Structure formats: C-alpha cells, structure tokens
Amino acid sequence: MPNEPLLTVQSLTVGYGGSTALDSVSISIYPEELLSVVGANGAGKTSLIRSIAGVVRPLDGEIRWRGVDIAGFPPWEICELGIAQVPEGRELFRNLSVEENLLIGGSLKRARARRSGNIQQVYGLFPRLLERRLQAAGTLSGGEQQMLAIGRAIMAEPELIMFDEPSIGLSPSLTRAMFDIVKMLHAKKTTILLVEQNVADSLSIGDRGYVLENGHVVLEGTGAALLTNKEVRRAYLGL
Amino acid sequence: MLTLWGNVLASGILMGLVYGIIALGLTIIFGVIRIVNFAHGAMVVFGLYVGYCAGAWWGIPTIVAAVGAGALLFVFGYGLETLVVKRFVTRPHHIQFILFIGISLVLSGAQLIAFGPDPRPSVSHLSFETIAVGPIRLDLARLQAATVAAVMILALAGFLKYSTFGRFIRAAADNRLGGLMVGLPIPKIYATTFGIGAACAGGAGALISPLFDAQPFLAVDFTLLAFVTVIVGGLGSFVGALVGGLTIGLTEAFAALLFAPSLKSALSYGLLMIVLIVRPRGFFGAKET
C-alpha cells in the first residue's frame with residue numbers, strides 16, 4: 001500500500017438541523033484502493049459522500065485531497081479535482097437524453113478535450129446505453145439508469161469514484177453485474193469509495209473497509225478481516 | 001365579417017407571440033432557479049422606455065432598440081442575480097416575493113424619476129402603417145414585434161437545445177442536486193438564466209414600444225399578464241409559455257371584438273380561473289410530485 005493517502009477525512013462532523021449524521025468520523029483512502037464503507041440505513045454513509053463532494057457543508061472537520069483541505073470548496077471545484085460520484089437515487093437528468101447526460105458528465109475542464117473518445121468508451125462498456133442514446137434518461141429501466149450514472153461519472157475521468165448504494169433497488173443478477181463493474185474500474189487503477197448496505201458483497205471486494213454505526217466509525221480493517229469479525233457477522237450478516 | 005374575424009385572429013396571434021416571449025422569460029427563470037420574478041413587468045417597461053428613447057431621441061429603429069434593450073437587460077439581470085437574487089434562492093417564497101416586489105418598485109420609481117408619470121407615446125411611423133396580406137390587414141408595428149419575437153423564441157430554443165451552455169441550463173432545471181454532483185457551474189448558470197429571462201422581458205418591451213405608450217405604472221399590468229400566461233401554459237414549460245401567450249393574445253383580441261375592448265383583461269383572468277379549477281398545472285405543466 002502506498003504510504004500517502006489520496007483522501008483523508010479527519011474528525012468530520014455533519015448535522016442537519018440539530019441531528020448529527022456524522023460525529024467526528026475519520027477515514028483515509030489510498031491511491032488505487034477499493035475502500036468499502038458499510039453500515040445500516042441512517043448510519044451516515046450518504047452524508048459522508050455528500051460532504052466529500054461539497055454538496056453538504058460539514059459542521060466541523062477536515063477533508064484533505066492530496067494534503068489540501070477541500071472542506072468548504074464548492075462542488076464544481078471538487079469535481080474538477082477528479083472526484084466523481086454515482087449518487088444514491090442516481091440523480092440523472094431525466095428529461096435529457098442518455099447522450100446529453102454523458103456529455104454533461106464530460107463537460108469538466110479536466111476531461112472535456114477527450115469527451116468524444118470517452119463517450120465511445122462508455123458505450124463500449126455499456127452497449128445498452130448506445131442503443132438508447134437518444135432516449136430520455138427518465139425512461140430507462142433501473143439497471144440502465146445505474147449504468148448511465150456510472151457512465152456519467154466515468155466521463156469526468158475521475159481519480160476517485162464514490163459509489164453510494166449502487167446495488168439498491170437492483171435484482172440479484174444486476175447487483176452482481178454492478179459489483180463486477182466496480183471491480184473492473186478498480187482493476188483499471190481508479191480509486192473507489194464504495195458505500196453499501198450490502199455488507200457481505202462490498203466487504204468481499206473491498207481492499208479495506210470501515211463500519212459506520214449512527215455516525216461513528218466502529219470498526220476498520222481489511223475487507224477479509226471485517227468479514228470474519230464476530231461483531232460484523234452477528235450484526236450485519238446474521239451469522 | 002370573415003375578414004374582420006381574420007384580422008382579429010391575426011392580431012391575436014401576433015400579440016400572442018410577443019406575450020409568449022415575455023412569458024418565456026418568466027418561465028425559464030422559474031424553471032431553473034425556482035423563483036418567480038415579480039419584477040418581470042418592470043423589466044418589460046424598462047425595455048419599453050429603451051424603445052421610446054431610442055426612437056424619440058436618436059431616431060433608432062425599433063428592431064435595433066430591441067436588440068439593445070435585450071443586451072442591456074441581460075447585463076442588468078446577470079448582475080442582479082449575482083449581487084442580490086442569489087442570496088434569496090433558498091429563502092421561503094414569501095421573502096422572495098417581497099424581494100421582487102421591492103425590485104419592481106425600485107425600477108418603477110427610477111422610471112418615474114427619469115421620465116415622470118405621463119405616458120410617452122411612440123414616435124415610430126410604424127404605429128400608423130398597415131400591410132395587406134390577401135384580405136387581411138396587419139399593422140406593421142405588430143407584425144414587426146411578432147416577427148422579432150418569433151426569431152427570439154427560435155434562437156432561444158436553439159440555444160437551449162444545441163449549445164453546451166443551453167444543455168447546462170436544461171440540466172440544472174431538470175435536477176439541481178444532480179447538477180451539483182456532476183460539477184455544473186451553478187452560479188454562472190443561474191446568473192445567465194436570470195439574464196436571459198430579463199432580456200426576454202426587455203427585448204419584448206422595446207418591440208412593443210410602437211404599440212404602447214411608455215408609462216411606469218404599466219409594470220404591474222405586464223407582470224400580471226406574464227404571470228397569467230405562464231400559469232395557463234404551465235409554469236416552467238417552454239412550450240407552455242408559447243401556447244399560453246397565443247391563448248392570451250387570442251382571448252384578448254376576441255374579447256375586444258365580441259364584447260368590449262375594456263373587457264379583455266377580465267376575460268384573460270376568467271380563463272386563468274377556469275384553468276386553475278380544471279387543470280391547475282396549466283396546459284403543459286409538470287405533474288406535482
């Protein structure tokens with residue numbers, strides 16, 4: 001493992017109107033690693049991703065990207081650094097066509113020059129999107145929308161992709177396909193933050209993992225170690 | 001008889017296109033920024049004065065004045081959004097309402113200081129000229145206003161549909177959170193959108209300067225007109241604004257023919273009430289979610 005983390009979250013506290021979503025959470029992501037953050041609904045997983053992305057402003061704490069504190073940066077500057085996400089609920093532009101969604105994903109300065117090549121690459125990865133390129137994104141099936149959200153993130157040529165519950169609402173076979181895509185991106189050296197309720201699958205593909213509970217990190221370790229941890233097996237895997 | 005109806009129909013459609021571009025300005029601002037620009041009418045009157053001054057002081061043709069008014073109002077709208085409106089985007093509706101009423105009053109007051117309360121009639125020779133198309137007579141001022149409005153509508157549609165920034169604007173209107181997540185430059189998009197909306201109002205104002213005497217108190221009338229138009233067409237819908245504009249234009253024209261010219265607003269508001277009862281989201285409005 002390279003010694004310098006790509007992203008460090010230090011004592012991050014996030015709250016909304018009196019309730020605390022994250023309470024002094026610290027995590028690190030190293031270059032090219034696949035980091036799983038697991039936890040139940042309401043554990044603070046989405047708040048973590050949204051504050052890294054600059055969409056939610058943390059109350060306290062630091063978010064360091066290559067050593068620079070980016071907490072409080074606006075989202076468009078954070079995207080420009082190479083941090084992309086596949087959000088929960090996909091957050092596509094439903095009335096825009098598939099291709100327009102991808103074009104927008106590739107509009108950042110960092111990736112714009114290579115946009116047409118990148119679009120071909122996404123179509124190569126997801127031929128279904130090519131078939132439906134002129135269709136409104138809102139008319140796609142759930143699985144296709146998930147592909148589009150991933151494609152849109154890839155268009156930004158990110159160094160870090162954050163996945164927020166990519167398996168939610170998908171059938172078991174589509175979930176497997178989704179994890180295969182995550183593994184494929186990982187194999188291509190993209191750093192990945194995978195946030196999931198699907199504890200077994202995401203820990204088994206993660207290099208390392210954190211367990212979030214009620215806004216706190218309660219456990220951390222390698223994916224394999226966490227999978228065999230007694231607490232994890234009891235609380236999340238029902239074993 | 002048929003000729004008369006033809007004339008009224010034509011005149012209604014021509015005015016409808018102008019109403020359409022005014023409404024388009026209001027609807028695009030709402031669609032993207034989710035605020036209602038209650039200063040819209042004051043911006044139309046701003047353009048009206050630009051058209052009046054251009055003609056009366058410098059003899060500049062109305063079309064040129066309209067381009068100038070559009071550019072001026074774009075800059076004004078862009079600046080206003082950046083400096084003021086931006087801070088109110090996430091505030092409750094009633095506070096936004098008061099803000100825009102305030103802006104409207106300031107604009108009307110400035111117009112009152114600059115030009116006084118008396119109506120300033122246009123000096124455009126177009127106001128008195130007509131052209132015959134078969135049996136129908138069209139007055140040139142109206143024809144010119146409608147033609148330029150149609151060009152503006154097409155240009156705006158093309159910009160939104162095919163340009164990169166137009167795509168950004170549609171994306172921001174579609175899903176603001178999604179836009180933030182993929183790094184859309186939201187502040188620039190909002191300011192530009194507000195500028196475009198103001199430019200629609202100002203350009204249309206200058207275009208109708210040969211038809212309306214410029215007067216500060218018209219602001220309220222134009223705001224209500226634009227508001228009725230977009231509610232009938234469906235708030236936030238591009239096509240809705242156009243259809244709403246044509247509907248109101250035709251309603252007014254036929255109200256004047258069939259009843260009395262002074263009743264034309266009553267009929268427009270009557271139509272508004274019917275739409276609100278039967279189809280509250282307007283002809284093309286999105287379903288409430």
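Helices (H or I, at least four residues) and strands (E, at least two) are DSSP runs, numbered from the N terminus, and on that basis chain A has 11 helices and 10 strands. This is a predicted model, in which local features need pLDDT of at least 70 and side-chain atom pairs count only at pLDDT 80 or more, while totals for chains, interfaces and linings use all residues. Residues are numbered from 1 along each chain as its sequence is written, chains are lettered from A and ligands numbered from 1 in the order in which they are written, and side-chain values use heavy atoms, with hydrogens and water left out.

**Chain A as a whole**

- The radius of gyration of chain A, taken over C-alpha atoms, is 17 Å, close to the 18 Å that the globule rule (2.2 Å times the number of residues to the power 0.38) gives for 239 residues, so chain A is as compact as a globular protein of that length.
- The C-alpha trace of chain A spans about 50 × 40 × 40 Å along its principal axes.
- Of the 239 residues of chain A, 53% count as buried, where buried means under 20% relative accessible area, exposed over 50% and partly exposed in between (1.4 Å probe, protein chains only).
- Glu91(A), found in the loop between strand 6 (83-86) and helix 3 (98-105) of chain A, is buried, with a relative accessible area of 18%.
- Between Glu91(A) and Gln146(A) there are 9.8 Å in space, C-alpha to C-alpha, although they are 55 residues apart in sequence.

**Aromatic pairs**

- Over all chains, a search of the whole structure finds 11 aromatic pairs, a pair being rings of Phe, Tyr and Trp (its six-membered ring) whose centres lie within 6.5 Å, with planes under 30 degrees apart counted as stacked, over 60 as edge-to-face and the rest as tilted.
- One of these pairs joins Phe38(B) and Phe97(B) in an edge-to-face arrangement, at 4.7 Å centre to centre and with 85 degrees between the planes.
- Phe38(B) lies in the loop between helix 1 (2-33) and helix 2 (40-58) of chain B and Phe97(B) in helix 4 (residues 93-115) of chain B, so this pair ties together parts that are 59 residues apart in sequence.
- Phe38(B) is buried at 18% relative accessibility, whereas Phe97(B), with a relative accessible area of 39%, is partly exposed.
- Phe38(B) also forms a tilted pair with Phe227(B), at 5.5 Å centre to centre and with 40 degrees between the planes.
- Because Phe227(B) lies in helix 9 (residues 218-233) of chain B and Phe38(B) in the loop between helix 1 and helix 2 of chain B, the pair ties together parts that are 189 residues apart in sequence.
- Phe227(B) counts as partly exposed, at 26% relative accessibility.
- One aromatic cluster is formed by Tyr49(B), Trp57(B), Trp58(B) and Phe115(B).

**Charges over rings**

- Arg152(A) lies over the face of Phe93(A), at 5.2 Å from the ring centre, a charge being over a ring if NZ of Lys or CZ of Arg is within 6 Å of the ring centre and within 35 degrees of the ring normal.
- In chain B, Arg91(B) lies over the face of Phe88(B), at 5.0 Å from the ring centre.

- Gln96(B), which lies in helix 4 of chain B, is buried, with a relative accessible area of 6%.
- Gln96(B) and Ile35(B) are 7.3 Å apart in space, C-alpha to C-alpha, and 61 residues apart in sequence.
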